[in-house]
Amino acid sequence: MKLSRWQHKETAMRTRARNRFVAAWGALGALLLGLDPSAASTEAAALKPATAPVATPAPPPPLEPEALAQLKAMSDLLKDTARFTFKATADREQPSVNGPMLDFFSVSQVAVSRPNQLRVETKGDLHAASLWYDGKMVTIYSLKSSFYGQTAAPATIDETVLMLMDRFQMPLPAAGFLLKDPYSKMMEGVKTAFDAGDAEIDGVACRHLAFSEEDADWQVWVEKGAKPLPRRIAVTYKKIQGAPRVVSTLSDWNLSPKIAAGEFTFSPPAGAKKVDWKTSEK
Amino acid sequence: MEKPMKTRTLSNLLAAALLAAIPTPARAWVAAGGYHGGVVAVGYRPPCCYSGAAVAGAAIGGAMVGAAVASAAQPAYVAPAPVYYSAPVAYAPAVGTVVSALPPTGCSSLSINGISYMNCAGVFYMPFYSGGALMYQVAQP
């Protein structure tokens, strides 16, 4: 079973780490006291042959198998879930022209129905527009206004989400979790991956995973146990001035939601008018 | 369109979207009103403090700054600190100025040749969506 294997590996890792720690501090203490390190402490001596030099621990592999396995388990869980809903609370940093970084907060209710329906209702200071995708059309509508934008959509959530980010430049920090295979898309371009240890988010025990790419570093917190759900994602954009971060905390997961028929199809409210939805090509 | 999408990583796409949303001086609405969308940052995020007339004035004043206003009769605006005005001052922002919010009062919608506009005290704004948000561009219909 996957989990018990992780737990086993985790225990082994911690033991190794603790042994290294004890050995290193034992040797350091001996040096500080002017003693022969090989005779410093019985604990250190018990771990290392007295005559062997203190070995430098091997550097961790660039892609730690534990970190990949946990990201994969998260991905597999979502992949196998036909419909789900969650809440995403995002904090986006954006450098201002005046210099200081500004934070913009938003809260989104997200509903996914594979393979071709998506609904995102967002409230916030800057990105307060909702989305409907019903497999045919995708619509954006600011609830504060009477204007909506609409365009023909590709056949799947994957293509639609990527189109929205690429052509319509919509910042969707939790986009990876909406895809049919989050792992494969999220791992594109990843150069390092490691398991940063235990963490707790809103009372939920998680593993904290860290990844780096050329342009960005990102972290994902994955729930421990039988339901390895993503609980938070944080991305640092290293190549943008000031290295802004976007953090999105995911909560209220429901993997068997009741979603009303028609929830994914936009029906313009009375008086609403269609306006231009600019793409990056324009 | 399919192909370039597939070659870009998620982080790369997100970075581009974030960059697109980063205000630059070239995008007048930034200088104009602050980051909450033109006018909003100028001073009527609650709780606040002034009458409707003053709010409208502040709003218009804020929206205007990016549009190169120089006359002493026009209200000064220093982003991002709120600047309040004792009386509304109305003048036309330059055509092409983009804001992400309209004055809170005094606007009505209309349609000219099938295109929607908001008319706010004689200034016409054309609504459009960009980067996941609703924006308005000052237009001459």
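The questions below go from strand pairing to the contacts between chains.

Visitor: How many bridges join strand E1 of chain A to strand E11 of chain A?
Guide: This is a predicted model. E1(A) spans residues 83-95, and E11(A) spans residues 245-254. The two run antiparallel. The number of bridges joining them is seven.

Visitor: Which residue of E11(A) is the bridge partner of A:Ala234?
Guide: Strand E10 of chain A, residues 230-237, runs antiparallel to E11(A), with five bridges joining them. A:Asp91 has A:Val247 as its bridge partner in E11(A). For A:Ala234, the partner in E11(A) is A:Val247.

Visitor: Which element gives the largest share of the side of chain A that touches chain B?
Guide: The contact involves 46 residues of chain A and 35 residues of chain B. Elements giving two or more residues to the chain A side include E1, strand E5 (137-142), helix H4 (157-166) and strand E13 (276-277). The largest share is four residues, and the element is H4(A).

Visitor: Which residue of E4(B) is the bridge partner of A:Trp277?
Guide: E13(A) is joined to strand E4 of chain B, residues 123-130, by two bridges. These strands run parallel. In E4(B), the partner of A:Trp277 is B:Tyr129.

How values were computed:
Residues are numbered from 1 along each chain as its sequence is written. Chains are lettered from A and ligands numbered from 1 in the order in which they are written. This is a predicted model: local features need pLDDT of at least 70, side-chain atom pairs count only at pLDDT 80 or more; totals for chains, interfaces and linings use all residues. Two strands pair if DSSP finds at least two bridges between them. Two residues are in contact if their C-beta atoms, placed from the backbone, lie within 7 Å.
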